[in-house]
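Subject: Structure handover

Hello,

Here is the structure for you to take over. My notes follow below it.

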2 protein chains.
Amino acid sequence: MSSLLDALAATVGPTQVLTDGDLASWEQDWRKRYRGKALAVVRPGTTDEVAAVVRACAAHGTALVPQGGNTGLVGGSVPDASGTQVLLSLTRLNRVRGLDAANLTVTVDAGCILQTVQETAAAAGLLFPLSLAAEGSCTVGGNLASNAGGTQVLRYGNARELCLGLEVVTAQGEVWDGLAGLRKDNTGYDLRDLFIGSEGTLGIITAATLKLYPAPAAVMTALASVPSMAEAVALLQLAQARLGPGLTGFEVMNGFSMSLVRKHFPQLRQPLPPAEWMVLLEQSDTEGEAHARHLFEGLLEAALEAGIITDAAVAESIEQSHAMWHLRESIPLAQAEEGLNIKHDIALPVSRIPAFVGETDERLASLWPGLRLVNFGHLGDGNLHYNVQAPEGHSAADFLRDHEHAINTVVYDAVGAHGGSFSAEHGIGALKRDELVRRKSPVALQLMRAVKRALDPAGLMNPGRLL
Amino acid sequence: MSSLLDALAATVGPTQVLTDGDLASWEQDWRKRYRGKALAVVRPGTTDEVAAVVRACAAHGTALVPQGGNTGLVGGSVPDASGTQVLLSLTRLNRVRGLDAANLTVTVDAGCILQTVQETAAAAGLLFPLSLAAEGSCTVGGNLASNAGGTQVLRYGNARELCLGLEVVTAQGEVWDGLAGLRKDNTGYDLRDLFIGSEGTLGIITAATLKLYPAPAAVMTALASVPSMAEAVALLQLAQARLGPGLTGFEVMNGFSMSLVRKHFPQLRQPLPPAEWMVLLEQSDTEGEAHARHLFEGLLEAALEAGIITDAAVAESIEQSHAMWHLRESIPLAQAEEGLNIKHDIALPVSRIPAFVGETDERLASLWPGLRLVNFGHLGDGNLHYNVQAPEGHSAADFLRDHEHAINTVVYDAVGAHGGSFSAEHGIGALKRDELVRRKSPVALQLMRAVKRALDPAGLMNPGRLL
């Protein structure tokens with residue numbers, strides 16, 4: 001292998017080929033569920049260097065694992081334990097190539113931090129709406145490779161819908177320049193969307209042209225208590241009808257998830273008393289705060305009168321708005337404080353969510369008495385983080401070891417029965433490969449494998465992930 | 001071949017296999033530029049019948065040409081002249097399978113007429129926003145196979161962005177059930193978007209789940225005169241900033257295109273005097289007409305004050321609004337009255353359009369004195385129909401015969417130099433295959449051919465189109 005390492009050092013410079021020392025920040029995933037061993041960590045600085053690295057690895061039959069900010073949740077971007085895979089870190093490709101205000105686009109290297117893109121847009125009075133918990137450290141390349149979701153999908157779509165064009169290094173080490181700032185382009189197969197969401201298994205995304213939007217004049221936030229998931233869905237319908245595209249966020253949280261926040265973060269003020277369910281609504285307005293408030297209060301009054309909600313609080317300031325979002329974002333942390341848990345990142349047709357939750361809550365409670373559900377998520381997108389915590393007083397580690405597989409089966413079977421997906425926004429990676437094979441139709445798997453063989457016949461692009 | 005015809009008759013019934021009589025409505029395209037000869041026109045009535053037809057053709061090594069409403073503009077859905085291709089008509093698959101109001105989705109067979117989908121949504125108080133001239137006869141399957149655009153892409157995206165899931169018969173005659181009403185689903189490669197826009201060359205779309213939106217409470221239309229394309233772009237930016245997602249249409253028309261409407265349709269009232277350029281704006285509002293009018297008039301006053309527009313008229317009624325759209329939609333008809341012309345369906349970054357138009361107008365005028373430009377289109381999407389009419393008094397047929405190729409070269413070279421696309425919303429079909437090979441990068445072509453070989457190794461799906 002030393003001839004490969006020499007070739008890599010000659011390509012990117014010897015200081016950018018790491019083989020010694022503590023490589024844990026590249027070899028271990030963020031959740032510390034996967035820890036591998038890389039042949040080397042290689043850090044190219046340009047697209048051409050990425051292409052040269054891919055060609056060198058291809059010539060040596062060596063597999064490549066691309067990695068951005070290493071914030072993925074499914075073990076998709078760390079090497080396996082064999083010590084034979086090259087970890088290709090894209091973080092040195094971090095240039096903003098250019099912003100085009102009249103075209104509402106920005107072109108960036110794949111290694112740009114998401115927050116950098118948001119700030120670049122904001123500095124031009126524009127909005128890049130992709131927003132998620134890891135935005136301070138995740139990269140655009142990773143966001144696109146995993147088709148990231150987040151909190152504003154309801155209005156702006158996933159990472160896929162926010163991307164107009166890509167630059168990709170193919171498995172053969174060639175550069176496809178598909179960067180384009182075009183809203184319409186019907187010249188052949190949609191290669192862009194094939195690479196988006198392919199988790200590094202078809203090629204390496206090195207740059208992207210992304211959509212921007214005019215920044216809203218005002219953003220308002222509210223919390224509302226609802227008696228059941230059915231009313232949460234009714235509130236969503238009412239909000240969509242009254243606010244139209246102004247509704248940019250619609251999050252739901254069950255009472256238990258809020259109680260965990262209360263328990264572990266008692267310093268956080270909760271504007272509403274405990275309730276069965278709570279909804280966080282966000283509205284973005286092009287006119288201004290007075291107009292936004294008028295619309296928002298009208299919506300909440302109508303919902304109160306119709307008996308859909310039982311209580312509501314509208315943020316009176318940016319600080320109050322941030323505090324409401326902070327409550328929502330504290331759920332995963334509160335849950336971690338409570339102990340290990342089983343995460344389910346699922347999507348369902350919105351119309352099926354009340355039935356799914358009712359049936360599945362009941363089935364889990366009957367099979368595992370005392371089991372606790374931390375159910376929250378992006379209801380506007382039909383995306384729930386339907387997480388399972390061990391019964392109070394049980395060892396979380398023992399409970400997971402003994403029951404995780406059976407609980408996953410109950411949850412994913414119910415998801416499938418309601419026409420849903422077992423991976424909404426986190427992807428497949430290494431974590432859900434078995435589920436993919438088990439739950440995707442044979443025809444879909446066959447089509448995917450044909451595409452994989454066609455674009456990566458040697459199977460060197462992120463092997464062991466996704467397919 | 002009689003054994004294939006027997007097999008087809010056994011599959012779909014003998015009355016649905018047409019070999020005699022006048023088959024022109026299937027064998028000839030809408031623009032009458034392509035006239036082929038089918039081995040047979042086959043009209044399956046179910047997805048399973050489509051799959052059986054594909055398997056029968058595969059067993060006989062016979063090529064298939066899928067067809068919906070046969071309204072395509074690039075010769076993508078009529079058979080070639082060989083008499084060996086089976087024309088697969090999808091129009092009998094015309095069931096609305098179901099509308100889910102809470103999930104804002106509708107699932108329809110591929111042969112449903114676009115207008116039927118619009119009406120189905122409207123009957124539920126909802127909107128299916130795909131809208132284009134052929135909506136009364138084109139089908140959803142064709143819209144998706146060609147990734148159709150239209151007049152509301154600015155706000156709602158192309159057909160691709162309006163589709164959540166597909167049912168497809170593969171080249172092997174298997175059924176992929178990818179129908180899903182999910183906003184988030186990261187379980188493997190994006191097969192949906194691979195089939196969308198593939199023009200029937202990878203498989204046959206038999207059904208789709210489409211996105212719906214709450215119907216707007218008011219829709220308003222205005223015409224404005226602008227001195228140049230630069231001001232048209234400035235007006236677009238102002239309108240996007242002030243109306244945000246309320247801006248649902250932004251069309252531009254040059255003075256000559258409006259003069260052709262005036263000449264050939266003098267009975268149509270033009271609310272504004274002739275101008276160098278005219279813009280048609282459409283606003284959709286979730287609150288109501290008073291609010292919409294307030295916003296719209298504020299925008300136009302600001303634009304007048306800033307010197308961006310020189311004149312404007314806001315429609316005072318639905319009838320006036322329709323009359324404004326009718327003027328815009330009469331351009332292609334007026335142009336046809338004026339004689340044959342060379343159509344260019346191009347897309348550019350919006351920011352590059354003023355420079356492109358300035359340079360290309362001048363270059364064409366210097367090379368072909370007297371040449372007339374009918375330039376109009378969806379400026380909000382960067383999509384121009386930059387059409388060329390022979391100089392006044394010249395034979396249009398002679399002019400096209402002698403100069404079409406050279407004019408295309410000038411136009412498409414300029415489009416490429418400005419980072420644009422030579423096919424924005426009409427696709428490739430048979431018409432632009434040579435341009436695809438000439439203008440797409442070798443890496444992109446190689447990737448597309450690999451995908452084609454992977455999914456249709458026998459090359460029987462709409463051969464001779466796209467690739």
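I begin with one residue in chain A: Q335(A) lies in helix α12 of chain A, which spans residues 331-338. Please keep in mind that this is a predicted model. Q335(A) counts as buried because its relative accessibility is 0%, and the cut-off for that class is under 20%. Leaving aside residues up to four places away in sequence, Q335(A) touches L260(A), N341(A), K343(A), V374(A), F376(A), N387(A) and Q389(A).

Next, the contact between the chains. Chain A contributes 82 residues to it, and chain B contributes 82 residues. The size of an interface is often given as the accessible area lost when the parts come together. Here chain A and chain B bury about 6400 Å² between them, with 59% of it on carbon and sulfur atoms. On the chain A side, the residues that lose the most area to chain B are K184(A), N186(A) and Y189(A), which together make up 17% of what that side buries.

K184(A) also takes part in a salt bridge: its side chain meets that of E425(B), at 2.8 Å from N to O. Between chain A and chain B there are six salt bridges, and the count of residue pairs in polar contact is 39, both residues being at pLDDT 80 or more. The elements of chain A that give two or more residues to the side touching chain B are α6 (153-156), β9 (175-178), α7 (191-195), α8 (229-243), α10 (289-305) and α16 (442-455). Of these, α16(A) gives the most, with ten residues. By residue class, the side of chain A that touches chain B divides into 36 nonpolar, 30 polar and 16 charged.

Last, the aromatic rings. Searching the whole structure finds eight aromatic pairs over all chains. One of them is formed by Y156(B) and Y213(B), an edge-to-face pair with 4.7 Å centre to centre and 65° between the planes. This pair links distant parts of the chain, 57 residues apart: Y156(B) sits in helix α6 (residues 153-156) of chain B, and Y213(B) in strand β11 (residues 213-214) of chain B. Y156(B) and Y213(B) are both buried.

Regards

Methods
Residues are numbered from 1 along each chain as its sequence is written. Chains are lettered from A and ligands numbered from 1 in the order in which they are written. This is a predicted model: local features need pLDDT of at least 70, side-chain atom pairs count only at pLDDT 80 or more; totals for chains, interfaces and linings use all residues. Side-chain values use heavy atoms; hydrogens and water are left out. Contact means heavy atoms within 4.5 Å. Buried area is the accessible area (1.4 Å probe) that two parts lose on being put together, summed over both. A salt bridge is a side-chain nitrogen of Lys or Arg within 4 Å of a carboxyl oxygen of Asp or Glu. A polar contact is a pair of N or O atoms within 3.5 Å; within protein, one must be able to donate a hydrogen and the other to accept it, and residues adjacent in sequence count only if both atoms are side-chain atoms. Helices (H or I, at least four residues) and strands (E, at least two) are DSSP runs, numbered from the N terminus. Ala, Val, Leu, Ile, Met, Phe, Trp, Tyr, Cys and Pro count as nonpolar, Asp, Glu, Lys and Arg as charged, and the others, Gly among them, as polar. Rings of Phe, Tyr and Trp (its six-membered ring) pair if their centres lie within 6.5 Å; planes under 30 degrees apart count as stacked, over 60 as edge-to-face and the rest as tilted. Buried means under 20% relative accessible area, exposed over 50%, partly exposed in between (1.4 Å probe, protein chains only).
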